[in-house]
Amino acid sequence: MVKRRYFGPMLSAQARWLNKMSAQGWRLVDTGKLDYSFMPCEPGEYQYAMAYVGNMSRARGEEFASRLALLGYKTWFKNVNLQWSRGKVRWNPAGEPGARLVSERTTLDRELLIVERRAEPGEFRLCTVEEELEALRGMRRRCLYASLVFAALGALALALGLCTPLQSLALWAFAAIFAAPCAAYSLRILKLKK
């Protein structure tokens with residue numbers, strides 16, 4: 001068994017990476033906070049797809065994984081962000097009812113669903129284009145929300161004289177960090193709409 005780490009920000013990038021690992025003869029067997037564990041297999045024997053389930057309630061996400069398991073697929077839940085503290089509760093403005101307050105008991109560290117199947121011709125897709133668009137819009141909304149909060153804090157701190165223009169750059173940098181994936185999600189949405 002070999003452990004490899006992957007830090008890519010995009011769902012599609014992770015699916016491509018897992019499929020590339022399969023093409024090189026590595027099958028996913030487990031996931032951790034930072035790492036993925038693989039074992040040798042025939043090159044290209046398995047295909048992987050990913051779904052964002054962070055906006056679903058825990059029960060709905062587990063029910064989705066159970067339905068896929070009944071179809072013969074293997075599934076793993078994976079974290080999006082690193083959560084190194086205990087007892088954390090977050091507000092998820094894009095979540096459905098039952099998924100708006102996120103904690104260890106709900107969907108914290110279970111935002112992604114990795115699905116494996118034996119290789120078949122064609123692309124492995126878990127959802128329709130409309131469902132993928134909805135998930136991408138939710139992820140974009142979360143990044144946009146964080147970006148706007150940091151930008152507003154930077155502007156407010158500067159306007160109130162709480163910091164110098166140079167010091168406010170830190171808040172603007174965080175706004176830009178969150179704006180980058182927001183732009184990537186927007187490009188993917190535009191590509192899917194065509």
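Is Arg117 buried or exposed? Arg117 counts as buried, at 10% relative accessibility. Here buried means under 20% relative accessible area, exposed over 50%, and partly exposed in between, with a 1.4 Å probe and protein chains only.

Quick housekeeping, everyone. This is a predicted model, where local features need pLDDT of at least 70, side-chain atom pairs count only at pLDDT 80 or more, and totals for chains, interfaces and linings use all residues. Residues are numbered from 1 along each chain as its sequence is written, and side-chain values use heavy atoms, with hydrogens and water left out.

Okay, back to Arg117. Its side chain meets that of Glu120 in a salt bridge, 3.5 Å from N to O; the term means a side-chain nitrogen of Lys or Arg within 4 Å of a carboxyl oxygen of Asp or Glu. Glu120 is partly exposed, at 45%.

The structure holds four salt bridges. Another one pairs Glu116 with Arg27, at 2.8 Å. These two sit 89 residues apart, Glu116 in strand 8 and Arg27 in strand 2; strands (E, at least two residues) and helices (H or I, at least four) are DSSP runs, numbered from the N terminus. Glu116 is buried, at 3%, while Arg27 is partly exposed, at 22%.

Now the largest nonpolar core, which has 24 residues. A nonpolar core is a set of buried Ala, Val, Leu, Ile, Met, Phe, Trp, Tyr and Cys residues joined through side-chain atoms within 4.5 Å. Ile114 is one of the members touching the most others. Its contacts (heavy atoms within 4.5 Å) include Leu18, Tyr48 and Trp76.

Notes. Lists of a residue's contacts leave out its neighbours within four places in sequence.
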